[in-house]
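Dear colleague,

Here is the structure I promised to pass on. Please look it over; my notes follow below.

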Amino acid sequence: MSGVSDAQAFYGRWARLYDVIATHTPGVGSVRDAAVSTLALEPGDTVVDMGCGTGANFPFIREQIGPDGTLVGVDYTAAMLDHARDRIDREGWENVHVVRGDASRPPISGPVDAVFSSFVVGMLTDPARVVDDWIALIRPGGHITLLDAAQSSQLVGEPFNLLFQLFVLASSPPGTSQRHVAPPWEVLDERVAAARRTLSHRTTGRHHAEHALGFVQVTGGTV
């Protein structure tokens, strides 16, 4: 197995635990809610959640677009999407859908009103190109927001960077370290920064906020 297949197997194996962490970690819900709010969504909007995982963002997006909007989640891991479908069925959301596909080449045609992505760009080998493609799907005046984790540059957070590095190492698919010259947390930082640079170049009205001692970052803008 290689590349994507390794990652699919890894995240599929831990899908249930991921769902618990993604939805029940203290404070994570408020961060997701705050990140989604930066999309400035309106009832009836069409939103794509790239790398949607188990659908942890769905409640916050669905609340903003209402029953007349459309939410499409894209993820390549079948087990993750099984959890997402269970969430959709439990809530009775008829306008929320999931598609199995690679977020780096999403099977989605635009224009859409917004693209949202959480904790995904750090896993992309070419985040600058992918974010550029995501932006191309969005109508003029639409929005994109990236929610990601990276090492903290805040003084209050820097003492905890070692713990973050251990977390990144533990949550990386097998073989990740061997595929990169730099440690995985440095690769993560650079990928998140590259995605942000593309977003900055391609959007206006940009905004950036940091949470959780600077480890969680929200960056967005208007197309």
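Helices (H or I, at least four residues) and strands (E, at least two) are DSSP runs, numbered from the N terminus. The model is predicted: local features need pLDDT of at least 70, side-chain atom pairs count only at pLDDT 80 or more, and totals for chains, interfaces and linings use all residues. Residues are numbered from 1 along each chain as its sequence is written, and side-chain values use heavy atoms, with hydrogens and water left out.

Backbone

The peptide bond from Gly110 to Pro111 is cis, with omega near 0°. Pro111 sits in the loop between strand S3 (96-100) and strand S4 (112-118).

Two non-glycine residues have positive phi. Ala40 has a phi of about 55°. Its place is the loop between helix H3 (28-37) and strand S1 (46-50). Ala40 is partly exposed, at 43% relative accessible area (buried is under 20%, exposed over 50%, partly exposed in between, with a 1.4 Å probe and protein chains only). Phe119 has phi near 55°. Phe119 belongs to the loop between S4 and helix H6 (127-136). Phe119 is also partly exposed, with a relative accessibility of 28%.

Cavity

How many cavities of 30 Å³ or more does the structure hold? There is one. A cavity is a set of points, on a 1 Å grid over the protein atoms alone, where a 1.4 Å probe fits but cannot get out; lining residues have an atom within 4 Å of a point. Grid points are joined across faces, edges and corners, and a volume is the space filled by probe spheres set on the points.

The largest cavity has a volume of about 30 Å³. Its lining is Val121, Leu146, Asp148, Val192, Ala195, Arg196, Gln217 and Thr219. Strand S5 (138-149), helix H9 (184-202) and strand S7 (216-222) each give two or more residues to that lining. H9 gives the largest share, three residues. By type, the lining has four nonpolar, two polar and two charged residues (Ala, Val, Leu, Ile, Met, Phe, Trp, Tyr, Cys and Pro count as nonpolar, Asp, Glu, Lys and Arg as charged, the others, Gly among them, as polar).

Surface

Val156, Phe160, Leu162, Leu163, Leu166 and Leu213 form a nonpolar patch. Together they have about 580 Å² of accessible area (Shrake-Rupley, 1.4 Å probe, only the protein chains shown counting as cover). Patch residues have over 30% relative accessible area and no salt bridge, and nonpolar side chains (Val, Leu, Ile, Met, Phe, Trp, Tyr) are joined within 5 Å. A salt bridge is a side-chain nitrogen of Lys or Arg within 4 Å of a carboxyl oxygen of Asp or Glu. Leu166 lies in helix H7 (residues 161-170).

Best regards

Notes
1 Å grid on protein atoms, 1.4 Å probe; cavity = no way out; pocket = protein on both sides within 12 Å on 5 of 7 lines; lining within 4 Å. Patch = residues over 30% accessible without salt bridge, like charges linked within 9 Å, V, L, I, M, F, W, Y side chains within 5 Å.
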